Amino acid sequence: MKRVVTCVLLTALLFGTMETALKIGGSSFDSVQLTFLRFMIGGLILLPMGIKEAHESGYSLTAGDIRWLTLVGAMGIPISMLCFQLGVERCNAATAAALICMNPLFTMVIAHIFTEEKMTSRKALAFAVGIVAGVFLIRPWDVEPGNTIPGIILMLVAAVTFAAYTVMGKRSIARVGTFMQTSVSFILGSLILLVVLVLTGRPILAGVTANPLVVLYSGIFVTGLGYLFYFIAIKYSDATTGSLAFFIKPAIAPIFAITILGESIEWNTVVGILFLLTASVITLTGEKNKVAEGAGVQEMETAREVAQEAERGLEREAARDLTAIEAAEEKELAHIEAAEATARQKHQEHREHRAQEHQERKERKALRAEKA
């Protein structure tokens, strides 16, 4: 449990610094370039874990998997995360962090439309509270200084498309594997951005040597290690527990925005974050109950299977005993039949011997009579 808590906190801490790091990087790098670099680095960091996972499961990627993961990666990296980077550059870091954390709410809606995972009353309540949080964060009646309408729109598009990326990923993640799917989709999505960089003549590696810390931190720590700790937390607990990192992040991001970027947090941002945390708690408790109910059902199913297996074992043992008894009876019957056959044979031989003796006596008597 200590390992899980540590990984969740590290994930929340690293993800909480994401907007601050990207806002700093956005002033030194092209938006497409920085998004390409950090997800290519992150994908390469996760790839060894994906290869190990595939080796343990014995699953190999097919051509169909590559095509599908290219679509998943395109939704996640060139669309969602590029909008995220552009939005961060046009919003306050605290606002951007809170808006992107609305993606689980959009995930519920998209999953309701395109999958069998339907909305419940608890999910609907969480979504409604989340919308209220979004209204306070955006503050449409008087946009907070540092935020812009284009930036807010880009962040909302990033949240919705990341939700779509999540729903698309659920279709294949059980088959392909968590680490393998994430790493490959990151790399394929980054390669799409590389094509965009080449075709538009944008810089690819320019500025990396002049500002290596921004690239290394956003690529290795925020993207690579952030997702690594996130998936380790899920591996040793469950997806609901791992998602706590996204619920903690809105409370952490403003701290870095204030201390590093010198941003000021308006009252509406605080209220919006509180509403968002409330929506997250509603979602989390619902998922926990669902997991607990599922665990209870699973335990009952396991107990039923154990009882059925025990019953089948007793039936097999009884069948073996009956077979042994029947075999013993057959053996005894065969022994009796063999003894009777032997007795009949001896009786027949005795009769034949007596008949032969009788015949010999008759012959001797006839011979004596003839001599007389």
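**Entry 1: Arg-139**

I looked up Arg-139 and found that it is buried, with a relative accessible area of 6%. I note the cut-offs: buried is under 20% relative accessible area, exposed is over 50%, and partly exposed is in between, with a 1.4 Å probe and protein chains only. Arg-139 sits in the loop between α7 (121-138) and α8 (149-170). Its phi is near 50 degrees, a positive value in a residue other than glycine. Most residues other than glycine have a negative phi.

I record that this is a predicted model, in which local features need pLDDT of at least 70 and side-chain atom pairs count only at pLDDT 80 or more, while totals for chains, interfaces and linings use all residues. Residues are numbered from 1 along each chain as its sequence is written, and side-chain values use heavy atoms, with hydrogens and water left out.

**Entry 2: The chain**

How many helices and strands are there in the chain? I find 14 helices and 0 strands; helices (H or I, at least four residues) and strands (E, at least two) are DSSP runs, numbered from the N terminus. The radius of gyration of the chain is 39 Å, well over the 21 Å that the globule rule gives for 372 residues, so the chain is more spread out than a compact globule. That radius is taken over C-alpha atoms, and the globule rule is 2.2 Å times the number of residues to the power 0.38. I also noted that the C-alpha trace spans about 160 × 45 × 35 Å along its principal axes.

Of the 372 residues, 41% count as buried. The chain exposes about 20100 Å², and carbon and sulfur atoms supply 66% of this area; the accessible areas come from the Shrake-Rupley method with a 1.4 Å probe, and for residues only the protein chains shown count as cover. Among contacts with a separation of 6 or more, 87% are accounted for by residues 24 or more positions apart. Contact means heavy atoms within 4.5 Å.

**Entry 3: Helix α1**

The buried residues of α1 include Val-4, Cys-7, Val-8, Thr-11 and Phe-15. An α-helix has 3.6 residues a turn, so residues three or four places apart point the same way.

**Entry 4: Leu-69**

Leu-69 lies in helix α4 (residues 63-89). Is Leu-69 buried or exposed? I find it buried, with a relative accessible area of 0%. Leaving aside neighbours within four places in sequence, Leu-69 is in contact with Leu-61, Ser-172, Val-176, Gln-181, Val-184, Ser-185 and Leu-188. Leu-213, 144 residues from Leu-69 in sequence, is 30 Å from it in space, C-alpha to C-alpha.

Leu-194 lies in helix α10 (residues 178-200) and is partly exposed, with a relative accessible area of 25%. Not counting residues up to four places away in sequence, Leu-194 touches Phe-36 and Ile-204. Its C-alpha atom is separated by 8.0 Å from that of Gln-33, 161 residues apart along the chain.

I found Ala-210 in the loop between α10 and α11 (212-235). Ala-210 counts as exposed, at 61% relative accessibility. Ala-210 and Ser-28 are 182 residues apart in sequence, and their C-alpha atoms are 9.2 Å apart in space.
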